[in-house]
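Colleague: I have a model open and would like to go through it with you. Can we take it piece by piece?

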Amino acid sequence: MKSVMWAQLMKDKRNPLFILLFIAASIVATILFAGGIQTPTMVAVFSEEENAPEIEEKWHELLNVDSSFQFEIVTPEKAREDVMNGVIDVAVNVTETDYQIVIASELPTVSFVQQHVEKVFQREAQFRALEEAKGDKNVRSKMNSYLKNAPIQIEAKGLDGEGLPNFNLGTQLLFAFVFLVAMFMLGLKVNNVTNDKVSGVWNRMILSPIRKTGMYSGYILYTFLITMFQVIVVLILFKYVMNYEVGDNLGLILLIASFFVFSMISIAMLITGFVKTPEQFYSIYPSVIPLIPLVSGAYMMPGTISNPVLMFIADLFPMSHAMDAIMSVVFYDAGLRDVMMSLLLMLLIGVIAMGLGINLIERRNQ
Amino acid sequence: MLETIKLSKSFKGKKAVQDVNLYLDSGESVGLLGPNGAGKSTTISMISSLIKPTAGEIKLNGVNIINNPEQIRRILGVVPQELALYEALSAYENLKFFGSIYKIRGNELDKSIQRALEIVGLQDRQKDLVKTFSGGMKRRVNIAAALLHHPKILILDEPTVGIDPQSRNHILETVRMLNKNEGTTVMYTSHYMEEVEQLCDRLYIMDHGEIIASGTKGELLSILSTEDTIKVQLSKMDDRFVTQVKSIEGVRKVEAANTNLKIIAKKGINLVSELVYLSEQHHIQLINFHTENPSLEDVFLHLTGRTLRD
Ligand SMILES: Nc1ncnc2c1ncn2[C@@H]1O[C@H](COP(=O)(O)OP(=O)(O)O)[C@@H](O)[C@H]1O
Ligand SMILES: [Mg+2]
């Protein structure tokens, strides 16, 4: 096992640029798509009703609960002008009970803003309906005080927009990209098994006294360590150098990440079991991987994906479990016990995929 | 020491190797000659325990080793047909890796590496990356990697494919030295007749998965003792002429290439007058005409009707 790891390490030492490139990719993707987490997306709020200041003030307060977006009251003219000139991506024209989004082009931020605004307005509509039905003006405060003492805190906070002041889509995207890049990296490393089988190095190992378990664990452990190294470097850079929000409990986050990395290595091994050449792996793996965060909803506000088929598919991959666990640690201060279920699911996926994968690889040999 | 009995292998019902019987005595140098696709690599893979035979036995000192390959693996060095190396690593690092998987450690490992490098003549280039090497040098590292654990039997699968004549001679010399001076038993496969002819005491000729002839060079050539090989150069080629040459009594095979004919005919028949007569009829001149000593190439042609490089 040590020999295998040594050889892999020597190869990577010759090519350190490769790992640096992956680290850079995580950071660049996050900056590009998460739009700089410390500067939340600016959204203009305005109203053209008669009692505009009052309406603006009310929605301004309700909308500004999420550190991903900074809602600011401006005049209708300025809002439209800024959107037209690309100073801001989105403006929201609010009325007493409804809203209208003002945009110039379909930027990725638009749908995030829209999702957020829609949620706030829907929730307010529900409160209004309750108040009307019960004739009770205090529904809101009762609801809030109930939620504060609710038996399941995480869910309670999820129900109440005001209970998640910390939620930050940027942070979610950051982890989504870190994991995405990690998946590519570990895939390339796992593909070394196929590379070595095709080149004949694998056969040399078979003929030597080194054990099969030693061979497999050499590749797997090396892939695991190098991918974790990349993840750790990226997260430390984000947290301490770039001061991005990645949560306070870095230890637990790395534990979750390590389960994720192991689990994905197993899935890469499973794919390796189906391919004959490294090229086949390259044609399958990179087309599957980007779909995983998509179906897992890692790029969208939590709860956006509700299609049961998609949700089922997402659950087969470790990413949705890892994202769930990380988000609850970062935003809801979840502890090890709270994320245990996610960890076990990832472990289960990992063990099954690894077993099937190695079995298929061994069968190919005959 | 090592023998195979009715060794066969099918891939998805297609026969790659069929009923191969061969043996290797200690200290021998044995060649396995055959065109591409003959089944040489498959045979070697079975002997070295990399793939399981569909049928047949492999015996090491009389003991069937198909289900417990550890014994043969310990004494076997295999130089695969492909370059089984890490191109991104130096020659030394490659050998360090391949030595360490044989559990050779520390000082002993370094000594083994230097010895292997010396044998293949690459000691002064050991720090260089394999990807900067020429084809011939890569082939030499490929051989060195199989020598680290001092194998008693060395199996080489087409170790000279695609390299320059100088490197080729170097490799042949290396193998000869290992066999003659170090007493290593050698099994050498090739589709180059000259190599096997030069290097091996004994050889097997393989085609379409079967051994079609075996023996020392002399024994194999005696197959042709009843035949002459005649080479003719013509002023131009004419298919009808060739057809008529083929139908001359006593002519067994005719090979045409450009304006040259290679004719294998029963010993002692008088071809000259027949050829002169036919060439006049077709207005062809005979530019050159001579009888050749038969080579192993001719043995192959005789046995299969094809040349080795078809
Ligand atoms: N793994 C395999 N799967 C299917 N067919 C194979 C496999 N390996 C070899 N063959 C077939 O077996 C025959 C013999 O191949 P091989 O032993 O490589 O010949 P040689 O080494 O003499 O060129 C060929 O027809 C080849 O296509
Ligand atoms: Mg071959």
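**A buried asparagine**

Modeller: Asn179(B) counts as buried because its relative accessibility is 5%, where buried means under 20% relative accessible area, exposed over 50% and partly exposed in between, with a 1.4 Å probe and protein chains only. This is a predicted model, in which local features need pLDDT of at least 70 and side-chain atom pairs count only at pLDDT 80 or more, while totals for chains, interfaces and linings use all residues. Residues are numbered from 1 along each chain as its sequence is written, chains are lettered from A and ligands numbered from 1 in the order in which they are written, and side-chain values use heavy atoms, with hydrogens and water left out.

Colleague: Where does Asn179(B) sit in chain B?

Modeller: Asn179(B) belongs to helix 6 of chain B, residues 165-180. Helices (H or I, at least four residues) and strands (E, at least two) are DSSP runs, numbered from the N terminus.

Colleague: And what is Asn179(B) in contact with?

Modeller: Leaving aside neighbours within four places in sequence, the contacts of Asn179(B) are Gly27(B), Glu28(B), Ser29(B), Thr184(B) and Val186(B). Contact means heavy atoms within 4.5 Å.

Colleague: Switching to the ligand. Which residues surround ligand 1?

Modeller: Ligand 1 is surrounded by residues of chain B, including Phe11(B), Lys14(B), Pro35(B), Lys40(B) and Thr42(B); a residue is near a molecule if one of its heavy atoms lies within 4 Å of it. The shell divides into 4 nonpolar, 5 polar and 2 charged residues. Here Ala, Val, Leu, Ile, Met, Phe, Trp, Tyr, Cys and Pro count as nonpolar, Asp, Glu, Lys and Arg as charged, and the others, Gly among them, as polar.

Colleague: Which helix gives the largest share of the shell around ligand 1?

Modeller: Helix 1 of chain B, with 3 residues. Strand 2 (14-24) and helix 1 (40-47) each supply at least two residues of that shell.

Colleague: How far is Lys14(B) from an oxygen atom of ligand 1?

Modeller: A polar side-chain atom of Lys14(B) lies 3.2 Å from an oxygen atom of ligand 1. A backbone N or O atom of Gly37(B) is 2.7 Å from a ligand oxygen, and for a polar backbone atom of Gly39(B) the distance is 2.9 Å. Taken alone, ligand 1 exposes 560 Å², and the protein buries 60% of that; accessible areas come from the Shrake-Rupley method with a 1.4 Å probe, and for residues only the protein chains shown count as cover.

Colleague: Now the core. How many residues are in the largest nonpolar core?

Modeller: The largest nonpolar core has 183 residues, and Phe175(A), Met205(A), Leu235(A) and Ile256(A) have the most contacts inside it. Helix 8 of chain A (residues 169-199) gives this core its largest share, 16 residues. Such a core is a set of buried Ala, Val, Leu, Ile, Met, Phe, Trp, Tyr and Cys residues joined through side-chain atoms within 4.5 Å.

Colleague: What does Phe175(A) touch?

Modeller: Not counting residues up to four places away in sequence, Phe175(A) touches Leu235(A) and Val246(A), among others.

Colleague: Last one: how many helices and strands are in chain A?

Modeller: Chain A has 16 helices and 4 strands, while chain B has 11 helices and 14 strands. Buried residues make up 51% of the 366 residues in chain A, and 53% of the 310 residues in chain B.

Key: Polar contact = N/O pair within 3.5 Å; in protein donor to acceptor, adjacent residues only side chain to side chain.
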